[in-house]
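Please examine the structure shown here.

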Amino acid sequence: MLIRELMSPNVAIVAPDMSLRQAAIAMAEKAAQGAAVVDDGGRIIGWVKQSQLIDAMAADDFDGAGRRRVNEVMLSDMLILRTNMNVKELQNFDFYKYDLFPVADAANRPVGTLRQNDLVRFLTENALLITGKMRAVLNSVYNGVIAVNEEGKINIFNDAAESITGLSRKEVMWHSIDEIIPNTGLKRVLETGQPELNKPFFIGNCKIVTNRSPILKGSKIVGAVAIFQDITELQTVAAELENVKSLKSTLESAIASLFEGIVIVDKNGYITMMNQSYGEFLGIDARQAIGLHVADVIPNTRMHVVAQGGKAEVMEIQKIKENNSVVTRIPIIKDGEVVGAVGKVLFKDLKDLKMVASNMSKLQSELEYYREELRKLYTGKYTVEQIVGNSSAINYLKSIALKAAKGQSTVLILGESGTGKEVFAQAIHNASPRSSGPFIKINCAAVPENLLESELFGYDEGAFTGAKKGGKPGKFELANGGTIFLDEIGDMPVAMQAKLLRVLQEREIERVGGTKSLKINVRVIAATNRDLENMIEQGQFRQDLYYRLNIIPIHIPPLRERREDIPALCQFLLHKISEQAPNQAEGVSDDAMEYILNYDWPGNVRELENVLERAVNLMDEDEQMIIPEHLPQICKKSRKKQTLGIGVANLSDMVDNAEKQAICQALEAAGGNKSKAAKLLGIHRSGFYQKLQKYNIG
Ligand SMILES: Nc1ncnc2c1ncn2[C@@H]1O[C@H](COP(=O)(O)OP(=O)(O)OP(=O)(O)O)[C@@H](O)[C@H]1O
């Protein structure tokens, strides 16, 4: 633009080569509102208001204190404009803030600034630049406004346009609209001169609705303007409104179909809602009640009182017709003010409440029962006194068990399958000071290797895929304050043995996927039917763990080595079986007992129990005793062997007898010194002690 085109009579033309005096004269001639100020090099550096200049001039010294004052005034009040700014810098400069506008000469060089008032007239004619006030107006509107000049370059970009497009005014001003936001349609409007209304448009994820209009100067198109609005939020609000509507209708139908009677009143006690159930209870059409005062519809009601007072009334008795109903009245509070009340018939009559109370009490006692059952499940049921058997071996082991129970040391129970290892573990727990704590068993052979760690130590939430929300405690945690029974310890994988050893040493566990250590107070009893010493030699069991576990060893001999326990066990087991079986067996006949006593029982007491259970089931109704016909063939074979004159039960018995003899001889030779005797036999001391225990050699 040419400065000369827009000069009003009271604006002076100044040029960079003018001296201050010349500029002042030029302004004085035009009665201008302000004056140019030059720097030390004589270049124009800005404008001051005339009144301020007069003040400065009164100081009568432009080169001394007067100029300083002028500069001070400028600094606080006006923009200092560098005359060597190029047009681009000027365009990017936020002049509006200073209420000043740049003016360029014919060669597009900046020559100074114009005051706002002078510019307004020019702008209204040209519509290319806007005043500070107009700008303030544009920025305060919610709609985005983007205007372009006739070349399609952006010359208006308000605050809303910035926030909707995410672009900054500084970056986009005077750039071609197509470079900044392609396909806005503004270029088309420039070409056609036709307004375009309510056009949808997308900027990123924002849905925009826009109106585009040409800017006309007379009949000439000098620009175009787009006014647009982000309707994404509107659409969200509309969707939310839809949701609220459907929620309202769902709630209304839910209330209507409720079994309990519901009534809602406004602040003055007039019914706004009553469901069908309440209507039926009152014997009226619920719809007819809407709009009536609640006191005219429901006998003895206090709903209107609650709607006024705002105090809830819970579980009140209200006489409705012939019933003593149990009702609740709750005030409805909105923005801290009572706006109504909702009433509910909880029980149409007191007798319904009594029925619920009795059901509750039944449920409560059931809960207690299951709690107790669960407690029993986590508790060993056997006590030392209940261990059946009077053989010297069993009596000796019972006395060891009682002693072991008093302390905290780890117990290792050895013995073939079915000999009663778990029975002993439970008995030790129950005789110990921990008997009121839990007895938790884990069968190390039954848990898959990859789950064993989390079974033992638990896991934290998110420890692995499929991990339960909130995590899960392990058996060690569950056994806290009680006893953990590690059954089949010989089948524990070697890697887990190392972890178990660490837990036994540190008495701390860490859940899988967890970060915290947890102190545990647990007594450990381990059991196995495997030969751990042999496994150590084979590298299948850690020696250090073995020593940790084998503090109090208890070796339970197989049943064939304590046949004298068999009759008592038969009696005990028959009693146990008859509790569940349809038939009752009084006992075992002599000839059946002969078979039983002579059989080797490789499955030990468990096998004996199974054979007796089978026998009881095979008994006829008129039979009272178990006879040989009730026994499986396999039990009878061993007797045959004996009658054929083989003499000893089997090879295992022969080996045991030989071993027992060798031990006694070694002890004699060593003068009763057990370590020496073990050495003489070439076996480890612990193994030797176990054998002493096994053969009950004092
Ligand atoms: N001395 C005993 N008195 C009473 N019942 C016994 C006795 N010994 C074993 N039993 C019974 O025999 C069955 C097997 O006992 P238990 O489970 O304790 O054996 P186990 O040695 O732990 O077996 P496994 O090595 O297979 O785990 C159980 O039903 C148990 O009640």
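## Surroundings of the ligand

In this predicted model, 17 residues lie around the ligand, and those that come nearest are Val388, Gly420, Lys421, Glu422 and Val605. Two elements, α19 and α27 (604-618), each give two or more residues to this shell.

By class, the shell around the ligand comprises five nonpolar, seven polar and five charged residues. Domain 4 (384-555) and domain 5 (560-649) each supply at least three residues to the shell.

## Helices α18 and α19

Helix α19 (residues 421-431) also meets helix α18 (residues 392-406): their axes come within 8 Å and cross at roughly 45°. The crossing of α18 past α19 is right-handed.

On the side of α18, the contact is made by Leu397, Ala401, Leu402, Ala404 and Ala405, while α19 contributes Phe424, Ala427, Ile428 and Ala431. The contact of α18 with α19 has nine nonpolar residues, with no polar and no charged ones.

## Helices α25 and α27

The axes of helix α25 (residues 566-578) and α27 come within 10 Å and cross at roughly 55°; α25 is therefore oblique to α27. Here too the helices pass in a right-handed crossing.

From α25, the residues Leu569, Cys570, Leu573, Leu574, Ile577 and Ser578 meet Val605, Leu608, Glu609, Leu612, Glu613 and Val616 of α27. The contact of α25 with α27 consists of nine nonpolar, one polar and two charged residues. Val605 takes part in this contact and is also among the residues that come nearest to the ligand.

Technical notes:
Residues numbered from 1 in each chain as written. Predicted model: local features only at pLDDT ≥ 70, side-chain atom pairs only at ≥ 80, totals over all residues. Axes fitted to C-alpha atoms, helices over the stretch in contact; angles between N-to-C directions. Helix = DSSP H or I, 4+ residues; strand = E, 2+ residues; numbered from the N terminus. Left-handed = near helix turned anticlockwise from the far one by under 90°. Contact = placed C-beta atoms within 7 Å. Nonpolar A, V, L, I, M, F, W, Y, C, P; charged D, E, K, R; others polar. Near = placed C-beta within 6 Å. Domains from an automatic or database assignment. Parallel < 35°, antiparallel > 145°, perpendicular 65-115°, else oblique.
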